[in-house]
Amino acid sequence: MLKKSLIAKTDGKANPAQIFCGYGLRITYLTSRLIRVEKEDNYTDLPSFTVWFRKAQEGKFSVTESKKEILVETEDLIFHIRSFVPYSVTFKDTNKTAVFSEQKNLKGTTRTLDGTHGKTRLQDGLITEDGAYLLDDSASMLLDDGGHFVRRARQSVDYYAFAYGKDYRETVRAFYKISSPVPIVPRFALGVWWSRYHAYTQQEYLDLMAHFKRENIPLTVATVDMDWHWVHDLKKRFGSDYWGWTGYSWDTTLFPDYREFLRKLKEDNLHITLNLHPADGVHSYEDMYEEMAKAVGIDPKTKETVEFKCGSDDFWNAYFDVLHKPYEKDGVDFWWIDWQQGKHWDVPGLDPLNALSHYHYLDNAEDGRMPLVLSRYAGLGAHRYPLGFSGDTDINWPVLNFQPYFTATASNAAYSWWSHDIGGHHFGYRDDDLYMRWIQFGVFSPILRLHSTSMEILGKEPWKYRAEVYRCASEWLRLRHRLIPYIYTMDRRTHSDGIALCEPMYYAYPEEKAAYEVPNQYSFGSELTVCPITSPQHKELNLGSVEVWLPEGRYTDIFTGKSYRGNKKITMFRELETIPVLAEDGAIIPLSSDKGNTTENPESLEIWAVSGNSSFTLVEDNGKTNCERHTAETKLEISFENGRLTFTVGAAEGDLSVLPKKRNYLIKVLDVNQNGEAVMFEISSADINKAHTFTADGVTRNKPDDIREDIICMLTRWQAGTELKRAAFKPFEKAVTVDDFEKALKKAILPKVVSQAVREIIEIYKA
């Protein structure tokens with residue numbers, strides 16, 4: 001019998017009022033836009049790996065037979081079923097029909113990026129351009145009442161027909177309702193991780209952490225890859241021919257006192273994860289072999305290997321209680337499951353990765369902590385077990401260029417917490433600019449985990465790169481840590497509202513064709529649009545660029561302070577030090593100003609804002625499993641009318657015990673000035689029980705200074721022959737106004753990239 005902590009709380013039965021049986025089918029009404037279809041003689045009420053809950057909303061629906069079709073009519077739709085399979089759906093509001101078998105799927109994600117060199121094929125997601133998706137859950141493993149994975153009966157038919165049109169977010173939310181919400185990711189996981197496949201000694205690792213501390217680069221997670229346990233020379237040490245891919249005993253030649261090692265990491269407020277490859281079981285040389293063998297009924301004297309068995313309750317119980325719990329008591333916070341051994345094991349049909357993610361996540365919550373696991377994607381339903389480890393990729397531009405699209409598109413598979421090897425893992429080539437651009441993407445991705453292979457000269461430490469990259473990368477890593485208040489609020493939003501931190505642009509703008517044409521551009525929470533630069537600098541200008549689509553509205557780059565009018569595409573150019581990160585009018589972004597690598601709710605907040613009329617609710621909690629009952633909210637509001645700018649920090653509400661009693665606030669409004677001076681508000685030791693309102697009059701939005709000078713500067717940096725540049729500049733010589741320069745640009749003979757750079761300057765002035 002599995003121990004209680006390994007049995008998930010599920011409810012696979014639907015209300016009888018939701019069910020129709022007839023015509024050889026069992027049809028379950030889940031929402032007016034989502035139904036389940038099974039063969040009547042082969043149905044199940046057990047939850048599957050994918051679907052855990054079926055008691056959805058009740059509503060009126062009818063089932064009739066017509067012309068060899070079964071019609072299921074709800075208040076919004078008519079589903080057409082042929083030969084036990086939902087074939088198409090008719091939307092009543094438009095009278096349009098979408099065929100499930102002809103869907104234009106916008107893709108989802110895939111198990112791993114291991115061994116990839118750039119683009120790779122993705123599995124289908126829940127989102128289609130015509131708004132109809134058919135989830136075939138017929139082969140998914142079931143969970144019985146004892147918490148075991150069991151195989152379905154042969155020839156099972158189990159379909160879920162989603163038909164939410166272009167309301168993509170509602171499609172994903174509907175999936176979460178039947179599958180379970182995305183768990184809250186612990187706050188500490190949102191900082192900077194250090195990880196490397198390298199055989200560190202205890203002192204080397206501690207010295208490295210001290211180096212990061214001296215550099216004032218806050219780390220929140222310390223990962224120790226597989227060399228924490230015995231790996232090499234096992235025959236010489238233990239008489240074993242086995243190479244230690246799997247292991248559970250600390251290598252005492254590297255870590256002579258692992259408890260002291262863990263204690264010192266904890267002293268620096270680091271959270272710890274260790275790498276696991278469980279496939280080869282527990283060998284007789286392991287420290288805990290005797291206890292483990294007895295637990296599964298093996299005589300330890302035989303030295304018989306304790307095999308990894310998905311189908312054994314005794315194995316699973318001992319796997320956690322004997323192998324993992326003692327290390328957790330010593331300081332290990334969670335486990336990195338690095339399963340690479342295929343999809344078949346002792347339980348027919350069960351992918352061991354699914355079982356490992358499931359049971360590890362449940363077990364990690366046993367001691368009352370907020371659980372976490374680092375694992376690989378295991379299909380729809382894997383969102384329950386954050387985080388995703390995307391595997392080992394080459395160090396090259398094509399890999400980086402694929403990852404923003406890959407990360408945002410995973411929301412189509414309800415998978416919102418990917419973690420990549422930032423900087424690439426192995427092979428490829430050394431390119432300091434590539435590293436810098438990867439760091440920038442990492443800062444604005446779900447998890448920032450620096451990682452690389454063991455080769456001595458492939459380290460991802462910032463100080464191992466040229467001076468300006470070293471300085472810049474360090475600043476960006478510090479920025480990631482400062483962004484935790486914002487990202488954690490979005491983390492809570494993902495859990496409560498089903499909105500991923502990173503979403504493709506077409507989620508917010510499903511009717512805009514251009515939203516589908518910028519695959520690497522994505523929203524980063526409610527306030528920001530991120531446009532990573534994922535290609536080398538242009539030699540003509542020594543600048544990087546990215547094509548950006550701006551929806552209707554006004555947008556300000558939070559780093560440059562430049563503003564743009566929307567409803568257009570623009571190629572934006574940036575120095576190596578920055579990328580376009582855009583905030584619409586009224587955006588509010590809270591950052592921490594506390595020093596060090598603490599992930600507590602900060603005493604000092606710096607708030608970036610863009611003029612407009614809007615609000616943002618900062619969500620903070622106690623960081624524990626019951627965090628939803630111990631939550632505090634602080635409403636931040638901005639208004640801008642007739643030259644008066646007002647910013648209000650509301651009184652904190654909820655469980656105020658989770659907050660510091662006094663707070664320091666620095667508010668920076670990025671796109672305005674008052675008599676030529678930047679607009680900032682500051683208050684120290686503010687009472688969190690009271691609202692604080694700041695007002696400035698005579699405020700105007702920033703205007704760029706001198707279009708002529710800006711265009712001259714851009715053309716000056718153009719790497720080309722002087723006479724060629726002289727001829728190219730001629731149309732601009734007498735230009736004065738923005739219109740003049742726009743007309744001159746049409747006449748000028750310039751390389752495409754230079755023309756695009758001048759075009760961006762003109763667009764800034766037009767805004």
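In the predicted model, strand β16 (residues 334–337) is joined to β17 by 2 bridges, and the two strands run parallel. Within this pair, W336 is the residue that stands opposite L374 of β17. Helix α8 packs on the sheet to which these strands belong, where it touches β15 (271–276) as well as β16 and β17, and the direction of the helix makes an angle of about 170° with that of β16.

The sheet itself is open and is formed by 8 strands with parallel pairing, arranged in the order β17-β16-β15-β14-β13-β20-β19-β18. Because β17 and β18 (388–389) each have a single partner strand, they stand at the edges, and one side of each is left without a neighbour in the sheet.

The loop that connects α8 (352–364) with β17 (373–374) contains R369. The side chain of this arginine makes a polar contact of 3.5 Å with the side chain of D367. When neighbours within four places in sequence are left aside, R369 is in contact with E328, V332, D333, N364 and T625. By contrast, the C-alpha atoms of R369 and V85 are separated by 43 Å, the two residues being 284 residues apart along the chain.

With regard to nonpolar packing, the largest core comprises 206 residues, among which F162, M209, W316, Y319, F444, F524 and F647 touch the most other members. The greatest contribution to this core comes from helix α10 (residues 432–443), which gives 7 residues. For F524, once residues up to four places away in sequence are excluded, the residues touched are V443, F444, S445, R480, Y486, I487, L501, C502 and V530. In soluble globular proteins, nonpolar side chains tend to be buried together.

Methods:
Residues numbered from 1 in each chain as written. Predicted model: local features only at pLDDT ≥ 70, side-chain atom pairs only at ≥ 80, totals over all residues. Heavy atoms only, no water. Helix = DSSP H or I, 4+ residues; strand = E, 2+ residues; numbered from the N terminus. Contact = heavy atoms within 4.5 Å. Polar contact = N/O pair within 3.5 Å; in protein donor to acceptor, adjacent residues only side chain to side chain. Core = buried A, V, L, I, M, F, W, Y, C linked by side-chain atoms within 4.5 Å. Buried < 20%, exposed > 50% of the residue type's maximum accessible area, 1.4 Å probe, protein only. Pairing = 2+ DSSP bridges. Axes fitted to C-alpha atoms, helices over the stretch in contact; angles between N-to-C directions.
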